[in-house]
Amino acid sequence: MDSLKFHVLYEAKYEYEDVVTSNDNTLKIVPYDGDNQELLEENVDTEPKGYKTRYKDMFGNIVYRIKVIEPHYSLVIRSESSVNVKLKEMEDCMLPCQIEDEMFLNSSRLIDVDYFKPIAKELLKSSKSLDDLVKNTVEFVRNRLKYKEGITNVDTSAKESFEIGMGVCQDFAQVTIGILRASGIPARYVMGLVNDNPISTHAWVEFKSPSGWIPIDPTRRKFYNIAYVKFAIGRDYYDTPPILGTFVSKGKGWLKKLTVMVRRID
Amino acid sequence: MIKIKRTNKASFLEYEEEHYKTLLSDLERIPDFFKYVQLINELAYREGFTFYTGNYYRSIKIDPIPRILKKEEFRKISEGLKSRAEAINKFLYSYYHGDKVVVPEDLIETSPYFRPEMMGFDPPKGIYVYIFGEDLVKVKGIPYILEDNVRIPSGMSYAIKAHELTERVLGDKFSVKGNEGDGLEKLKKTLTSASDTRDPVIAILTDGTLNSAYFEHKFYSDKLNLLLVEPSDINIREGEVTVSTLEGEVHVDVIYRRIEDLDFLTPGLMNAYLRGWVNIVNAPGTGIADDKITFCFMPQIMEELGIKEGVKQPFSFPIGTTREDIEEKIKNMVVKKREGYGGSGTFVLHDMSEEEKKKVLNEVRKSPEEFMAQELLDFDTVISAIGDSFYQAYADLRFFVFVNDQSTSILSRVAPVGSRVTNNSSGGLVKPLWIV
Amino acid sequence: MSLLAIDKGGDISSIPSYLGINEDVQKYLINNFEILREDVRAFGNEKVMNALSSLEGAIYSSTSDLREYFSVVLKSTLYLGEVIEDQLKPVITTTLPRKQEEIKTQ
């Protein structure tokens with residue numbers, strides 16, 4: 001089993017037009033520690049400093065909560081870590097594969113599994129093995145969805161983006177998950193960084209095979225030995241935003257700069 | 001015998017008990033009883049006894065047939081609530097000092113009421129909650145706790161006002177005598193004890209007349225001679241907090257907060273609190289203790305802290321990860337959404353149609369971590385004067401505890417006929433309660 | 001309240017106890033007005049003081065026609081309330097909590 005070691009950097013800088021008196025953020029910007037990843041070092045902080053707590057959520061994601069109550073006009077959120085990412089072999093099986101899972105077969109807030117049942121039925125007809133099904137699904141999604149920014153947003157459901165026919169990586173991932181779940185294959189949403197010069201966070205999919213959770217990237221058409229660095233997993237986007245918070249101010253704020261970096265270090 | 005419109009013959013009717021005999025015969029002897037009920041409610045509305053719903057001021061209906069609690073019952077419940085209050089303050093102190101008691105940290109820290117800035121902070125005298133609102137029901141006379149309220153428990157003024165109006169209009173017609181209880185006195189004492197200064201300046205922080213419980217804020221301000229201030233009246237100065245009054249800026253020692261959103265309504269106040277420039281009652285961040293999910297763990301928490309459970313609570317558990325058999329199990333329970341205000345977000349599955357049930361279960365399946373399930377209690381019913389008839393209805397009891405000291409001003413809320421949901425926002429009535 | 005009672009043909013003498021006052025209604029109004037006037041004098045501007053005078057006139061007027069009496073008192077009280085509110089309106093600052101997130105573009 002191959003294993004790659006990465007040094008990871010994530011830094012977001014926010015600026016505000018008026019003074020901010022309270023800035024409370026929930027962060028999922030540390031590589032996942034578990035499954036095929038082993039977290040070696042982590043360091044999360046903000047400038048200005050705030051009140052910081054850390055916990056693992058119901059999916060095992062490492063979550064930081066940082067609240068800054070000292071008045072400020074800008075906020076930098078920074079995470080520096082190193083992680084070992086193992087590549088897993090995808091063990092194929094003949095359909096129906098009877099793979100159990102308590103959580104990742106159900107509909108979630110952004111993914112309505114029932115809606116994708118007719119599509120799943122068709123794809124199952126032309127798929128003999130799990131590998132067939134996964135590849136056919138991704139092919140199907142890439143034919144029906146065009147990559148285009150600015151049409152959908154974070155609250156767009158899988159059904160909506162599918163009907164619109166356009167979206168970004170979040171939508172590609174959610175539609176793929178919708179179809180896989182409807183076909184009886186547990187699938188989960190993954191947020192993190194690609195390992196070849198990422199410029200922002202990316203969303204992809206992991207499905208459950210007889211050998212465990214295996215990654216696929218429908219947006220970039222990549223399968224199985226991907227070795228991306230995952231930060232968080234969940235049922236859909238709502239479980240994985242890298243930064244989600246509220247700030248209190250008389251004026252507006254915006255993300256001025258996002259710096260991400262993934263560097264091999266072995 | 002007075003005629004009662006019954007809604008559920010099987011439910012236990014408290015008023016059939018021995019200690020209600022005198023009261024019931026009083027009711028029989030009062031001619032035009034419902035005219036007095038109407039008068040009381042007219043007076044109530046005009047004296048501002050209302051609840052703002054977001055659109056209009058709805059009058060809080062008073063059902064002037066008092067509920068009676070025997071002295072011995074009161075004493076026993078008090079003991080139980082005292083230990084529960086102690087457990088809650090200890091739990092808060094432990095959690096906010098890094099000692100995770102029983103409840104998994106991700107459940108606490110995902111609560112909207114968790115405040116990271118309270119970690120490591122020592123509130124004055126180690127007390128987080130000075131005023132508790134404990135919701136109880138009786139099942140065949142045995143008390144059960146349904147909910148803890150430790151952020152901004154309200155309703156004590158309703159108990160006092162309902163008593164006051166009943167006394168004014170019907171006082172000389174009842175042979176049983178009651179009183180308004182010692183709530184106001186205990187409240188003042190408690191707020192005063194929240195500061196080390198002798199004769200501290202206390203201000204009630206309201207967000208104004210559009211707050212649903214504004215009546216209560218004004219009531220306490222009037223009766224206890226406390227400053228009534230809004231967020232715009234608060235000034236954070238170097239080393240102190242002052243409030244703007246008609247006589248200029250006044251230094252304040254204790255803020256009795258009746259708002260939750262301090263971050264955006266009163267920027268800078270949290271900072272002042274953490275530096276010890278002012279005390280806030282109840283402390284910010286106490287909401288993790290009255291979270292519906294935390295409630296499920298209370299018996300274990302009390303055991304862990306070595307505190308005996310005085311009053312029982314119905315079996316409750318967090319729904320967490322969905323499993324098929326859990327859905328079978330919760331079919332006849334009460335399902336509560338973690339962030340439901342008042343009575344919204346409470347689903348009595350037993351009383352719902354198949355279609356409504358399906359809808360709720362679908363929501364639960366999508367995000368099971370947002371829900372908990374609780375044993376459905378067929379709690380005791382009372383006789384309520386509504387409109388022009390006597391009805392049988394479900395009613396609860398809200399006790400007010402002041403840092404381990406139980407008050408005798410107790411509120412009983414009656415659910416609308418046919419419902420089991422007793423919260424103020426659900427349009428029920430309030431009854432005066434007499435300890436006899 | 002008294003207006004209601006009169007309209008409903010009720011017995012006017014029982015009103016004081018229903019209202020929680022232990023004396024004649026007009027006396028009660030006069031006493032409370034005196035206190036109110038002292039308080040308002042401390043901060044009232046001209047408009048407020050004028051409204052106060054109107055209320056004074058209403059309270060001290062003849063009680064021969066009770067309905068008319070209470071009607072005028074009520075009107076003057078409400079007017080005074082409005083005028084005071086206008087003078088004391090708080091300055092509302094628009095600080096709002098706003099959502100913050102990282103918007104993905106890849």
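With 266 residues, a compact globule would have a radius of gyration near 18 Å, and chain A agrees at 19 Å. That radius is taken over C-alpha atoms, and the globule rule is 2.2 Å times the number of residues to the power 0.38. This is a predicted model: local features need pLDDT of at least 70, side-chain atom pairs count only at pLDDT 80 or more, and totals for chains, interfaces and linings use all residues. Residues are numbered from 1 along each chain as its sequence is written, and chains are lettered from A in the order in which they are written.

The C-alpha trace of chain A spans about 60 × 40 × 30 Å along its principal axes. Chain A holds 4 helices and 14 strands. These are DSSP runs (helices H or I, at least four residues; strands E, at least two), numbered from the N terminus. Buried residues make up 47% of chain A; buried means 20 or more other C-beta atoms within 10 Å of a residue's own, with C-beta atoms placed from the backbone.

Helix H2 of chain A has 15 residues. Its buried residues include A:Leu130, A:Leu133 and A:Val141.

Chain A and chain B each give 19 residues to their contact. Residues are in contact if their C-beta atoms, placed from the backbone, lie within 7 Å. E3(A) gives the most to chain A's side, with 5 residues.

Notes:
Two residues are in contact if their C-beta atoms, placed from the backbone, lie within 7 Å. A residue is buried if 20 or more other C-beta atoms lie within 10 Å of its own, exposed if 12 or fewer, and partly exposed in between; C-beta atoms are placed from the backbone. The expected span of a helix is 1.5 Å times one less than its number of residues.
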